[in-house]
Amino acid sequence: MIVALFDIDGTLLNTGGAGQAAMEAALAEAFGIRVRPHGIPTAGRTDRAITEDLFGHFGIPDCPGNRRLFVDTYVRHLQRTLAECRGAVLPGVRDLLETLSGDGRIVIGLLTGNYSRGAWAKLRHFRLDAYFAFGAFGDEHRHRDDVAREARRELARRLDPDRSVRTVWVIGDTPADVTCGRAIGARTMAVATGVFPADVIRAAGPDVLLDDLSDHARVVRTLLDGHPSHAPRDGCC
Ligand SMILES: [Mg+2]
């Protein structure tokens, strides 16, 4: 059996800035902070890490009550910003997920830095949620490598022990996706559909780098072969 673990933002979909807008609205509503945060990177990071940095930046006490208030407010605003922002499912993704969901050799899941409620809100908005039954999320972990380790544990809990996992793939759009895949011994498929240029992602050393996920035949062949359909680190970008 093959397992493919997908990142969300920049890999499956682009929210058009809905996530960032919802975080800014949550800061304003929950803590009265109306200054836009600058210098806090988001791509490839976990929501927990971003929240800790925002709290540190604005001097908000990092306690369970404040974290819960921030996440609740963020998720509520996210429903609105997803509807307002001009996001989109990325090229080839819906058809690829449809193909993979009908292939009994491949199990798909999520490996994302999103808060779990935020992740499911984004997937529901774009009607991609039905393709996924499980995942690992960024609620508790500051480092993406730890989210990847949680994904492995979740896999072990959920999968039939009689079905051995031949290969785990991590599919994402940032160097951090590549790094976390390597941290759990997975193969890594990078896509240049997020904010990072292809040469930056390539430097992280993914097993395969693609422009996007629109060539279903190539993606499925690569997943099943367990190795890139072309030479390693020699994608089409
Ligand atoms: Mg991403």
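**View 1. Salt bridge between Arg142 and Glu52.** In this predicted model, the side chains of Arg142 and Glu52 form a salt bridge, N to O 2.8 Å (a salt bridge is a side-chain nitrogen of Lys or Arg within 4 Å of a carboxyl oxygen of Asp or Glu). Between domain 1 and domain 2 there are four salt bridges. Residues are numbered from 1 along each chain as its sequence is written, and side-chain values use heavy atoms, without hydrogens and water. As the model is predicted, local features need pLDDT of at least 70 and side-chain atom pairs count only at pLDDT 80 or more, while totals for chains, interfaces and linings use all residues.

View 2. Domain 1 covers 2-14 + 88-225 and domain 2 covers 18-84, with bounds from an automatic or database domain assignment. Contact (heavy atoms within 4.5 Å) involves 21 residues of domain 1 and 18 residues of domain 2. The buried area is about 1600 Å², 57% of it from carbon and sulfur atoms; this is the accessible area (1.4 Å probe) that two parts lose on being put together, summed over both. Tyr115, Arg117 and Arg142 supply 45% of the area that domain 1 buries against domain 2, more than any other three residues.

View 3. Asp173 sits in the loop between strand E6 (167-172) and helix H7 (175-183); helices (H or I, at least four residues) and strands (E, at least two) are DSSP runs, numbered from the N terminus. Asp173 is buried without a salt bridge, and Arg144, the nearest side chain of opposite charge, is 6.2 Å away. Buried means under 20% relative accessible area (1.4 Å probe, protein chains only); Lys and Arg count as positive, Asp and Glu as negative. Residues touched by Asp173 include Asp7, Asp9 and Phe196.

Methods
Buried means under 20% relative accessible area, exposed over 50%, partly exposed in between (1.4 Å probe, protein chains only). Lists of a residue's contacts leave out its neighbours within four places in sequence.
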